[in-house]
Amino acid sequence: AIVMIYDKDGNVLRKDVLSAGKAFEKAYILNQLENGDYTIEVTSNKQVVKKDIHVYDEDNTRTFIVTE
């Protein structure tokens with residue numbers, strides 16, 4: 001599987017290539033991103049899943065929301 005994180009301009013911020021043929025789990029610390037909009041794209045077995053993420057400050061805490 002390949003995990004890509006893009007900023008709103010389509011620039012690749014992170015690319016991870018995970019071992020093929022195995023179940024996998026990986027965590028990403030999204031609240032360290034600057035405020036703004038991002039896309040996470042996961043490609044596995046010729047299927048692509050994209051999720052949009054909005055990072056923002058709420059009550060002095062960096063937080064994020066994932067949208068479809």
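**Figure 1. The five-stranded sheet.** An open sheet is formed by 5 strands in the order β2-β1-β3-β4-β5, with antiparallel pairing. The edge strands, each pairing on one side only, are β2 (12-17) and β5 (61-67). On average, neighbouring strands of this sheet are turned by 20 degrees against each other, direction ignored. Such axes are lines fitted to C-alpha atoms, for helices over the stretch in contact, and angles run from 0 to 180 degrees between N-to-C directions. Strands (E, at least two residues) and helices (H or I, at least four residues) are DSSP runs numbered from the N terminus, and two strands pair if DSSP finds at least two bridges between them. Strands of a sheet pair through backbone hydrogen bonds, either parallel or antiparallel. The model is predicted: local features need pLDDT of at least 70, side-chain atom pairs count only at pLDDT 80 or more, and totals for chains, interfaces and linings use all residues. Residues are numbered from 1 along each chain as its sequence is written, and side-chain values use heavy atoms, with hydrogens and water left out.

**Figure 2. The whole chain.** The protein chain has 0 helices and 5 strands, and its elements run β-β-β-β-β from the N terminus on. Taken along the principal axes, the box filled by its C-alpha atoms is roughly 40 × 25 × 20 Å. Of its 68 residues, 25% count as buried, a term for under 20% relative accessible area; exposed means over 50% and partly exposed lies in between (1.4 Å probe, protein chains only). The chain exposes about 5400 Å², of which carbon and sulfur atoms supply 46%. Accessible areas come from the Shrake-Rupley method with a 1.4 Å probe, and for residues only the protein chains shown count as cover. Among contacts (heavy atoms within 4.5 Å) with a separation of 6 or more, 27% are between residues 24 or more positions apart.

**Figure 3. Strand β1 and its two partners.** Strand β1 (residues 2-7) pairs with strand β3 (residues 36-44) in the antiparallel sense over 6 bridges. The pairing of β1 with β2 is also antiparallel and has 5 bridges. Tyr 6 stands opposite Thr 39 in β3 and opposite Val 12 in β2. The hairpin of β1 and β2 has 4 residues between the strands, and Gly 10 in its turn has a positive phi of about 85 degrees.

**Figure 4. The largest nonpolar core.** This core holds 9 residues: Val 3, Ile 5, Leu 18, Leu 30, Leu 33, Tyr 38, Ile 40, Ile 53 and Val 55. Two or more of its residues come from each of β1, β3 and β4 (47-58). A nonpolar core is a set of buried Ala, Val, Leu, Ile, Met, Phe, Trp, Tyr and Cys residues joined through side-chain atoms within 4.5 Å. Apart from its neighbours within four places in sequence, Ile 5 is in contact with Asn 11, Val 12, Leu 13, Arg 14, Tyr 28, Thr 39 and Ile 40.

**Figure 5. Asp 16 in strand β2.** Asp 16 is found in strand β2. With a relative accessible area of 10%, Asp 16 is buried. The side chains of Asp 16 and Arg 14 are joined by a polar contact of 3.2 Å. A polar contact is a pair of N or O atoms within 3.5 Å; within protein, one must be able to donate a hydrogen and the other to accept it, and residues adjacent in sequence count only if both atoms are side-chain atoms. Leaving aside neighbours within four places in sequence, Asp 16 is in contact with Ala 1, Ile 2, Val 3, Lys 26 and Tyr 28.

Figure 6. Gly 36 is found in strand β3. Its C-alpha atom is separated by 6.7 Å from that of Tyr 56, 20 residues apart along the chain. Not counting residues up to four places away in sequence, Gly 36 touches Ile 53, His 54 and Val 55.

**Figure 7. Two loop residues with positive phi.** Most residues other than glycine have a negative phi. Asn 45, in the loop between β3 and β4, is not a glycine but has a positive phi of about 50 degrees. Asn 45 is exposed, with a relative accessible area of 72%. Asp 59 lies in the loop between β4 and β5 and is exposed at 70% relative accessibility. In the hairpin of β4 and β5, with 2 residues between the strands, Asp 59 takes a positive phi near 50 degrees. These two strands pair in the antiparallel sense over 7 bridges, and Arg 62 in β5 is the bridge partner of Asp 57.
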